[in-house]
Amino acid sequence: MLAEPKIKSLKDLVEGATRDELIWISGYIAALTGQPIPEKLSKELAPSSPSALSGSTIVYGTETGNSKKVAVDFSNRLKKQGIQSKIKSLDQYRLTDLSKESCLLVVISTQGDGEPPEAAKKFYDHIQQNQLSLNHLKYGVLALGDSAYPLFCKTGEDVDNRLNQLGAQRIIPIKKCDVDFESDANAWINDLINTAIASGADAVAPTVTAKPTAEPKPAKPGRKIYEGTVVKSINLNDKGSNKETYHVEITTEEPISYEAGDAIGVVAKNNQTVVNKILELLQLSGEEILQYKDGSYKARDLFTNKLSIQYLPTRVIQVYAKMVDKEIPSIRMDLADLLRIYPADKTLDVQQLVSIIGTIIPRLYSISSSPLAHGENEVHLTVSRNTFNVDGHLRHGLCSDYLSTLKEGTTLQIYVQKNNAFKLPAADKDVIMIGPGTGVAPFRSFLFERDAQAATGRNWFFFGEQHFVSDFLYQTEMQSFLETGVLTKLNTAFSRDQEHKVYVQHRMQQHAAELFEWIENGASIFISGTKEPMSVDVEKTLISIIAQHKNIDEQKAVEYLGSLKESGRYHKDVY
Ligand SMILES: Cc1cc2nc3c(=O)[nH]c(=O)nc-3n(C[C@H](O)[C@H](O)[C@H](O)COP(=O)(O)OP(=O)(O)OC[C@H]3O[C@@H](n4cnc5c(N)ncnc54)[C@H](O)[C@@H]3O)c2cc1C
Ligand SMILES: Cc1cc2nc3c(=O)[nH]c(=O)nc-3n(C[C@H](O)[C@H](O)[C@H](O)COP(=O)(O)O)c2cc1C
């Protein structure tokens, strides 16, 4: 393979080399060729290698468990290479440790509208708000996200940029992973290990000042989309209720691969009355061809299926104000209102207008069916129709309105959003479920699943809503689960059936001693439903119950709950 003079140079190079130098050379060549370090060699030699990754800390910030899964795989890969590292969830990470860390490897997702996951908020705020000196620190960031969102992997980018600003040295460029994150995450871990072992203790990416790579986008498999048909849609609330909550059953030809605890992603279509109004205001027939992102669409299709025309962000309003040369207050509003209240004086460039409008982002709905009980060609959703008032007019949230008004027989596209952080424990373990309102959805799934498994673990469900008579979602099913013993205990809180408001956390408090006994006995705790105020109040109540019954102070109770989370016994699916 090699010409004689090169063989000679190589021999000269390796002949007098020390063991450490040989390790360095082998890693260097592996990195140059993009190969993983040969396992035999790395296992044998890496422990003594002065790798930049030795003693590093992997931290992860996750909402649905993907970043944790990647971080755990990452830690195992380092171990295989003989590199010792620690692994911590960001909510368990002591912020004061940052000053002692030599190498920090961050795996973090983006949530909400470009926000950090709840568990990473403290860390995120800490580095953003404090002028830390991190010159001693080497780091790398692996960002998880979804390119359907306008702020793709924003949290990972923010962390990467901020650590760099604070003087830390990037050892590898950030990698932004889309929904099918596994292969990109793997490639990043490979690159990192190869670079670090090849470069030894002084490894610093030559990209410290370079911008994160604009990776060429290879063709990706993307998420699996299923064609579904609505076969049943019923309002679970009775007459007199303030709410509309729809039980929607969707069947598919193809089996849907999901587990209890997962969610369904839906991309809504815009309401046709609103689309007609917009076409009229823009003086379009709907047949015109418009370019948007990577394709051409008929105007009606574009406004119906792609453009996020409801509740425009203020940045869009501001660009529109410049386009039409008008003073428009910096508040969010619907496109139809914007065009009606602030019409252009001259002909509006519709092509330019659509280019500033974002794409409809998918919304998630916890699956309320169980694959074991309902089969693999069917999912059930429990959708609360989001209703609010704008200037005295009743309006609805985009996707919940779309789902609530779908007629039986209508087809729609859906995908499965895995939630690795919200999974039932083994069949013989006890489960405590706290899920008022639509928080019932994953627990209906859990109960059907436990029933179908003939699980021996006990099940305790706390449910809450406004009124017993009109709002007890899935009442007959829950009562039947009680009768058959699938539900060991059911406690309900109907907030408006008496003078004083009663919520699920009050019921938990009333049964505190028994609840604590279940927890000490190994039960897993699950919370589902609205993030604020429900999940915050429920968590506070759990902490207070633990403090009271374990006879410890609040800080210790927080740590106790943290340890339940770390051991996979405390889960939240809140929104
Ligand atoms: C993991 C997960 C699981 C979930 N599970 C469920 C579930 O099982 N069941 C369920 O019902 N929901 C669930 N959700 C919530 C769901 O995804 C949606 O967030 C919810 O249905 C609202 O979406 P929407 O499109 O109807 O409302 P959007 O259109 O997104 O509106 C949301 C809010 O924005 C404001 N807004 C919107 N338009 C205007 C306007 N023109 N003027 C003023 N304000 C406006 C209003 O405050 C409105 O309430 C879940 C969310 C997550 C993340
Ligand atoms: C409610 C919600 C909002 C999200 N917002 C964003 C976003 O703004 N930008 C982004 O890139 N990804 C966004 N995502 C996608 C997640 O980052 C992605 O699913 C990731 O794999 C989740 O990883 P985790 O399980 O570690 O939290 C969002 C996901 C959900 C459920």
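Guide: Start with a pair in strand 11, where Tyr297 is the bridge partner of Leu290. Strands here are DSSP runs of E with at least two residues, helices are runs of H or I with at least four, and both are numbered from the N terminus. The model is predicted, so local features need pLDDT of at least 70 and side-chain atom pairs count only at pLDDT 80 or more, while totals for chains, interfaces and linings use all residues. Residues are numbered from 1 along each chain as its sequence is written, and chains are lettered from A and ligands numbered from 1 in the order in which they are written.

Visitor: How many bridges join strand 10 to strand 11?
Guide: Four, between residues 289–292 and residues 295–298, and the two strands run antiparallel. Two strands pair if DSSP finds at least two bridges between them. Another facing pair is Ile289 and Lys298, the latter in strand 11.

Visitor: What sits between strand 10 and strand 11?
Guide: Two residues, and the strands form a hairpin. Lys293 in the turn has a positive phi of about 50°.

Visitor: Where else is there a positive phi on something that is not a glycine?
Guide: At Cys153, with about 55°. Cys153 is in the loop between strand 4 (138–144) and helix 6 (154–165). Most residues other than glycine have a negative phi, and most peptide bonds are trans.

Visitor: Which residues does a cis peptide bond join?
Guide: Glu532 and Pro533, with omega about 0°. Pro533 is in helix 20.

Visitor: At what angle do helix 19 and helix 20 pack?
Guide: About 85°, with the axes 10 Å apart; helix 19 is residues 512–520 and helix 20 is residues 531–550. That makes helix 19 roughly perpendicular to helix 20, a term for angles of 65 to 115 degrees. Axes are lines fitted to C-alpha atoms, for helices over the stretch in contact, and angles run from 0 to 180 degrees between N-to-C directions.

Visitor: Which residues make that contact between helix 19 and helix 20?
Guide: Helix 19 gives Ala512, Ala513, Leu515 and Phe516, and helix 20 gives Ile545, Ile546, Gln548 and His549. Contact means C-beta atoms, placed from the backbone, within 7 Å. By class there are six nonpolar, two polar and no charged residues. Ala, Val, Leu, Ile, Met, Phe, Trp, Tyr, Cys and Pro count as nonpolar, Asp, Glu, Lys and Arg as charged, and the others, Gly among them, as polar.

Visitor: Now the ligands. Which residues come nearest to ligand 1?
Guide: Tyr311, Gly397, Cys399, Ser400 and Tyr575, out of 24 around ligand 1. A residue counts as near if its C-beta atom, placed from the backbone, lies within 6 Å. The shell has eleven nonpolar, eight polar and five charged residues.

Visitor: Why does ligand 1 lie between domain 2 and domain 3?
Guide: Because domain 2 (272–356) and domain 3 (431–574) both give residues to the shell around ligand 1. The domain bounds come from an automatic or database domain assignment.

Visitor: How many residues surround ligand 2?
Guide: 23, and the closest are Thr64, Asn66, Ser67, Ser109 and Gly145. Those in the shell divide into eight nonpolar, eleven polar and four charged.

Definitions and conventions:
Angles under 35 degrees count as roughly parallel, over 145 as roughly antiparallel, 65 to 115 as roughly perpendicular and the rest as oblique. Two residues are in contact if their C-beta atoms, placed from the backbone, lie within 7 Å.
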